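Here is a structure to go through by question and answer. Each label is set against its cut-off.

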Amino acid sequence: MSASNPGADTAISIPKKGTVPAIKLIMMPRDTNANGTIFGGVILSQIDLAAAVEAHRWHPGRLVTVAMEKVEFHRPVFVGDLVSFYTSTVRTGTTSVTVRVDVWAQRRQEKIELVPVTRATVTMVAVDDQGDKTPLMRRDDPLPLY
Ligand SMILES: CC(C)(COP(=O)(O)OP(=O)(O)OC[C@H]1O[C@@H](n2cnc3c(N)ncnc32)[C@H](O)[C@@H]1OP(=O)(O)O)[C@@H](O)C(=O)NCCC(=O)NCCS
């Protein structure tokens, strides 16, 4: 396996062997933009979902996205790439969970090559049935990510 990091400020953490991604999926022709590469909005929506998977470890109830830090795409993603969304919790507050999401693409070729695509930091807030913020349920005891 080979991997590279694009720069210090936007460094994407190389996943340790055996780390389980929150989401892993193969990109399909329906996910493309007018140029034939994968539409950035598809990756953004999966980042949002991956952050939710991680945040639900702290709060199995309703969560909404309140913020997503600047996102830069370093490399294109192609149809057939296997894209993995690795998550880690950066911070838990009273009502919010901040999650880092690192996105890697595995090209469809014989030699296994992981390509860093992008990273993002997403903050999600626990809300009640009225949509008002509410304290996290499991601030000291996160559920495992299988
Ligand atoms: C999320 C929401 C319930 C927050 O309500 P609020 O009463 O304004 O909450 P606050 O400003 O007190 O912030 C709540 C938490 O979010 C955090 N937060 C708020 N704005 C943030 C931002 N821009 N970046 C990071 N964290 C933020 C606060 O630090 C706080 O965390 P803590 O309780 O863990 O310390 C409300 O803003 C909302 O409903 N937003 C729309 C969410 C949505 O629909 N998302 C999908 C968009 S399509």
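Q: Where is the place of aspartate 140?
A: Aspartate 140 lies in the segment after strand 5. Strands here are DSSP runs of E, at least two residues, and helices are runs of H or I, at least four residues, both numbered from the N terminus. The model is predicted: local features need pLDDT of at least 70, side-chain atom pairs count only at pLDDT 80 or more, and totals for chains, interfaces and linings use all residues. Residues are numbered from 1 along each chain as its sequence is written.

Q: Why does methionine 68 count as partly exposed?
A: Methionine 68 has 16 C-beta neighbours inside 10 Å, so it counts as partly exposed. Its place is in strand 2. Methionine 68 and aspartate 140 are 72 residues apart in sequence and 24 Å apart in space, C-alpha to C-alpha.

Q: What is methionine 68 in contact with, leaving aside its neighbours within four places in sequence?
A: Methionine 68 is in contact with Ala120 and Val122. Contact requires C-beta atoms, placed from the backbone, within 7 Å.

Q: What makes strand 2 and strand 5 a pair?
A: Two strands pair if DSSP finds at least two bridges between them. Strand 2 and strand 5 have five bridges, in the antiparallel sense. In one of them, alanine 67 has threonine 123 of strand 5 as its bridge partner.

Q: How many bridges join strand 4 to strand 5?
A: Eleven bridges join these antiparallel strands. Valine 103 has threonine 118 of strand 5 as its bridge partner.

Q: What is the order of the five strands in the open sheet?
A: The order is 1-3-4-5-2, with antiparallel pairing. Strand 1 (23-26) and strand 2 are the edge strands, as each pairs on one side only. Strand 1 pairs with strand 3 (residues 82-92) over four bridges. There, leucine 25 has valine 83 as its bridge partner.

Q: Why is strand 5 described as largely enclosed by the rest of the structure?
A: Ten of its 13 residues are buried, so strand 5 is largely enclosed.

Q: Which residues have the most contacts inside the largest nonpolar core?
A: They are Ile47, Ala51, Val101, Val103, Val117 and Met124, in a core of 28 residues. Strand 5 gives the most to this core, with seven residues. Such a core is a set of buried Ala, Val, Leu, Ile, Met, Phe, Trp, Tyr and Cys residues joined through C-beta atoms within 7 Å. Valine 101 touches Ile47, Ala51 and Phe85, among others.

Q: Which residues are closest to the ligand?
A: Of the 13 residues that surround the ligand, the closest are Ala67, Gly93, Thr94, Thr95 and Ser96. The largest share, four residues, comes from strand 2.

Terms used
A residue is near a molecule or strand if its C-beta atom, placed from the backbone, lies within 6 Å of it. A residue is buried if 20 or more other C-beta atoms lie within 10 Å of its own, exposed if 12 or fewer, and partly exposed in between; C-beta atoms are placed from the backbone. Two residues are in contact if their C-beta atoms, placed from the backbone, lie within 7 Å.
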